[in-house]
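I opened the model to look up a few local features and some packing. My notes follow in the order I took them.

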Amino acid sequence: MISLKQLTKRFGSQIAVDSLSLEIPAGQIVGFLGPNGAGKSTTLKMLTGMIEPTGGSATICGFDLLTQAVEVKRNVGFVPESGAVFESLTGLEYLEMIAALYGIPQDAARIRIRQFLTFFDLSFETLTDKLLGAYSKGMRRKVVITAALLHNPSVVFFDEPLDGLDANAAVGFKALIQTLAREGKTIVYSSHILDVVERVCDRVIIIDKGKLLLDGKPDELVAAHNSGTLEHLFTQLTGGAELERRAEDFAKTFRS
Amino acid sequence: MNPAPAALPPVVHPAPPQTATLRRLFLTLFLRGRSSRGLRLKTAPNSVGRKLALALLFYTLFGMVSLSFIGKQVFPLAVSLHSLTFVFLGMFISSSAGEVLFNKEEADILMHRPVSARDLLWSKIRVLLQISFWLAGALNLVGLFVGIYTTDGGILFPLIHIVSTILEALFCTGCIVLAYQLCLRWFGRERLDGLMTTAQVFVAVGAVLSGQILPRLMLRFSAEGLLTFGPKTWWIALFPPGWFAGLDNAVAAQGGPGSWLLAGIGLIATALVLWLAFGKLAENYNTGLQLMGETVSRPRPTGKRRWLEILASLPPLKWFSPVSRAGFILTAAYMFRDRDVKLRVFPGIAPMFVMPFVFMFQNSGHNGQSPNDPFSAGFGAAFSAGFLACIPLIVLDLVQYSQHWQASDIFRAAPMAGPAQLCHGARRAVLYFIAIPAFLILGTIVWFIHHNIAEVALFLPGMILIPIVALVPGALGRGVPLCLPNEEAKSAGRGLKMMGVMILSVLLSLVAIWAYQSGWFWWFLLAEIALAVPVYLALRAKTSRQRWRSID
């Protein structure tokens with residue numbers, strides 16, 4: 001479903017993603033992890049056609065990322081970390097606009113939007129009575145997730161999707177992506193909340209400085225490195241083991 | 001490949017074409033603004049409509065200057081109308097294009113959708129053109145009818161003027177887009193941001209210069225009867241408004257080969273610009289959009305201090321309160337580094353810099369007036385000073401808007417009762433970096449041209465006004481930097497402010513000149529100072545009493 005071959009992105013002399021090669025089959029939920037600046041968001045932006053790779057190649061659903069970018073985009077859904085929306089539109093105006101970009105007729109879009117509203121426990125009036133700028137962060141995130149799934153994509157990229165969602169919505173969302181995967185969709189899930197990744201994902205990919213560090217099933221990786229949890233494994237690999245001691249030292253500077 | 005969503009109903013309304021959806025989206029965003037702060041859904045359609053109607057009314061009123069051409073020839077009327085249109089459209093498009101064409105937030109929403117870059121570009125350009133046509137229509141509305149009552153015009157004038165104005169709007173939009181495309185192609189990504197800003201500022205200044213200089217040159221030659229294009233007035237061909245005026249003259253007044261030549265230049269130039277901007281170089285737009293998603297900053301050499309940091313550590317900045325100093329650095333940094341703010345501020349004040357020069361040179365011994373005529377020579381200096389004194393008002397109004405306005409919530413979270421110190425910091429940045437240098441440059445130029453101390457002295461009434469004018473936004477609670485979202489539709493309000501500034505400047509210069517000619521100049525200055533001091537203190541006190549307004 002997703003195939004990366006030596007995918008590389010350079011910003012001037014700086015290498016953000018360094019010859020990344022991966023194969024992700026349909027129906028898999030992949031946790032895409034790495035410390036800040038590791039190249040996760042750059043990789044996701046490349047795979048969603050937002051930025052062009054400097055080298056290498058990638059195919060999604062059989063479409064080449066460079067030569068068939070629009071086809072790739074038609075088959076992909078993306079929840080960006082920023083959660084950006086057009087704030088001066090109402091939720092309904094926004095979602096209908098997104099639906100139209102995918103060629104979904106208005107009637108079908110409304111039915112689909114109502115299905116999402118029911119799932120997210122939102123009323124239709126919420127979508128019509130308020131501009132998106134007046135939404136809470138969680139409500140806005142629900143709209144962004146709806147906008148990513150509205151066209152029934154085969155591959156979905158989530159960048160910190162739980163940011164702003166309340167506990168109930170988060171539980172529902174996790175169940176949703178597991179169901180979507182069972183129905184054959186490929187989910188790439190980037191997050192810093194590692195216990196969620198550990199519970200939800202079939203496979204974990206950890207990158208740092210643009211390079212692939214680890215790739216495997218979460219429980220097998222944890223067992224192989226004798227780490228106890230994915231969080232410990234992650235800090236071991238990405239140089240965060242000393243963080244707790246440093247945090248204690250730093251906290252001492254707040255003593256009055 | 002994927003199971004369709006269950007039980008979708010039969011299609012009644014097919015999806016509109018992508019381009020139509022995008023056009024509707026960008027028009028809505030343009031009219032409502034990109035942020036909803038201060039915009040309520042229930043009143044949004046009305047308030048947006050009112051705002052637009054007010055803008056169009058203002059443009060129509062401004063276009064009434066063409067009434068003075070009744071009974072005159074078509075060519076000077078057409079030059080005047082096209083120059084005015086060129087200035088206003090050039091300003092409008094150059095200040096809006098950056099926000100419309102390259103918007104970072106928009107990249108996160110639209111770049112991963114199945115939309116081609118060409119469709120995006122065309123949708124945005126069509127919206128820009130649509131608004132340009134509205135504005136140009138309002139600006140030329142009165143002129144269309146005036147053209148019928150010119151000596152050599154007639155019923156054909158409105159028809160051909162509509163065509164030539166549409167061509168002019170296309171030319172203006174094409175030039176701005178072309179400036180972007182060329183920067184992208186020639187200079188690459190790393191220098192794109194700064195260069196695009198500079199290019200747009202130059203295009204805006206060029207539009208103002210071209211629009212202001214041509215009609216004045218025409219007036220200057222009017223005494224010699226040179227109101228048409230010919231060998232002695234070859235320079236008209238250098239100014240785009242002249243090309244489109246040539247088309248009007250050729251068709252409506254059966255102008256000679258000169259008019260047809262100008263019209264030909266205009267048509268070829270417009271076609272060439274459109275072909276380059278929207279055809280040949282349009283594929284670059286995709287690259288430009290992708291660059292929005294790439295965040296690269298050049299590494300700063302270690303141990304090297306930025307000039308702003310050095311400046312902040314020197315007197316008088318060193319003596320200000322830390323909050324005022326922070327406001328100063330923040331405002332200055334955004335005025336010189338942030339593409340969005342630069343694109344609003346510098347094209348916004350371009351006419352304020354250009355107008356004084358135009359007046360100075362217009363009154364420097366031509367137009368049948370003696371270079372030694374104290375009124376004609378002095379008025380230019382006094383008017384220029386009055387005009388420049390209002391620069392802080394315009395700039396402080398413009399620096400309130402930023403794409404990063406949400407970050408300004410930190411001001412409210414900080415332990416400050418009100419925005420006074422921040423306003424003072426912003427005010428000082430505008431004074432130190434824009435208003436005072438503008439005065440010094442203009443004063444030096446006046447001295448070099450005229451070698452007349454009296455003219456330099458006529459700068460003083462305007463200079464005394466600066467500290468007061470700079471305090472007005474803060475006293476009205478509107479001087480906090482970078483705290484409001486961009487709303488392109490507000491540009492009409494700025495136009496009204498410019499009108500007010502011009503009227504005030506003319507009044508001040510007339511009084512100053514009267515005082516100068518009556519031998520009361522120094523007494524006038526003393527009186528102005530005596531009045532200015534309490535007003536200054538009152539405005540400072542009012543600024544200090546300002547409290548944070550509620551965020552709606």
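**Entry 1: a leucine in a loop**

I started with B:Leu482, which sits in the loop between helix H19 (460–475) and helix H20 (491–517) of chain B. This is a predicted model, so I kept to local features with pLDDT of at least 70. I checked the backbone of B:Leu482 and found a positive phi of about 55°, although the residue is not a glycine. Is B:Leu482 buried or exposed? I counted 25 other C-beta atoms within 10 Å, so B:Leu482 is buried.

**Entry 2: a serine in a strand**

I then looked at A:Ser19. It is not a glycine either, yet its phi is positive, about 50°. A:Ser19 belongs to strand E2 (residues 14–24) of chain A. I found 15 C-beta neighbours inside 10 Å, so A:Ser19 counts as partly exposed. The cut-offs settle that: buried needs 20 or more, and exposed needs 12 or fewer.

**Entry 3: chain B overall**

I went back to chain B for its totals. I noted 21 helices and zero strands. Of its 552 residues, 48% are buried. I also checked contacts with a separation of 6 or more in chain B. Residues 24 or more positions apart account for 85% of them.

**Entry 4: H19 against H21 in chain B**

I followed H19(B) to its contact with helix H21 (residues 521–545) of chain B. Their axes come within 9 Å and cross at roughly 15°. That angle makes H19(B) roughly parallel to H21(B), because angles under 35 degrees count that way. The crossing is left-handed. On the H19(B) side I listed contact residues including B:Ile464, B:Ile468 and B:Leu471. On the H21(B) side they include B:Ile529, B:Val535 and B:Leu539. By class, I logged 14 nonpolar, two polar and three charged residues in this contact.

**Entry 5: H1 against H5 in chain B**

Helix H1 (residues 18–32) and helix H5 (residues 117–148) of chain B pack at an angle of about 50°, with axes 9 Å apart. That makes H1(B) oblique to H5(B). I recorded the crossing as right-handed. From H1(B), the contact residues include B:Leu22, B:Phe26 and B:Phe30. From H5(B), B:Trp122, B:Val127 and B:Ile131 are among them. The classes here are eight nonpolar, four polar and four charged residues.

**Entry 6: the cores**

I asked which members of the largest nonpolar core touch the most other members. In that core of 154 residues, they are A:Ile187 and A:Tyr189. Helix H3 (residues 74–101) of chain B gives the largest share of the core, 17 residues. Leaving aside neighbours within four places in sequence, I found A:Ile187 in contact with residues including A:Ile29, A:Val156, A:Phe158 and A:Leu180.

I finished on A:Leu150. It lies in the loop between helix H6 (137–149) and strand E7 (155–159) of chain A. With 23 other C-beta atoms within 10 Å, A:Leu150 is buried. What does A:Leu150 touch, not counting residues up to four places away in sequence? I listed A:Leu95, A:Ile98, A:Ala99, A:Ile104 and A:Arg112. I also noted that the C-alpha atoms of A:Leu150 and A:Glu96 are separated by 9.7 Å. These two residues are 54 residues apart along the chain.

Methods. Residues are numbered from 1 along each chain as its sequence is written. Chains are lettered from A and ligands numbered from 1 in the order in which they are written. This is a predicted model: local features need pLDDT of at least 70, side-chain atom pairs count only at pLDDT 80 or more; totals for chains, interfaces and linings use all residues. Axes are lines fitted to C-alpha atoms, for helices over the stretch in contact, and angles run from 0 to 180 degrees between N-to-C directions. Helices (H or I, at least four residues) and strands (E, at least two) are DSSP runs, numbered from the N terminus. Angles under 35 degrees count as roughly parallel, over 145 as roughly antiparallel, 65 to 115 as roughly perpendicular and the rest as oblique. A crossing is left-handed if the near helix is turned anticlockwise from the far one by less than a right angle, and right-handed if clockwise. Two residues are in contact if their C-beta atoms, placed from the backbone, lie within 7 Å. Ala, Val, Leu, Ile, Met, Phe, Trp, Tyr, Cys and Pro count as nonpolar, Asp, Glu, Lys and Arg as charged, and the others, Gly among them, as polar. A nonpolar core is a set of buried Ala, Val, Leu, Ile, Met, Phe, Trp, Tyr and Cys residues joined through C-beta atoms within 7 Å.
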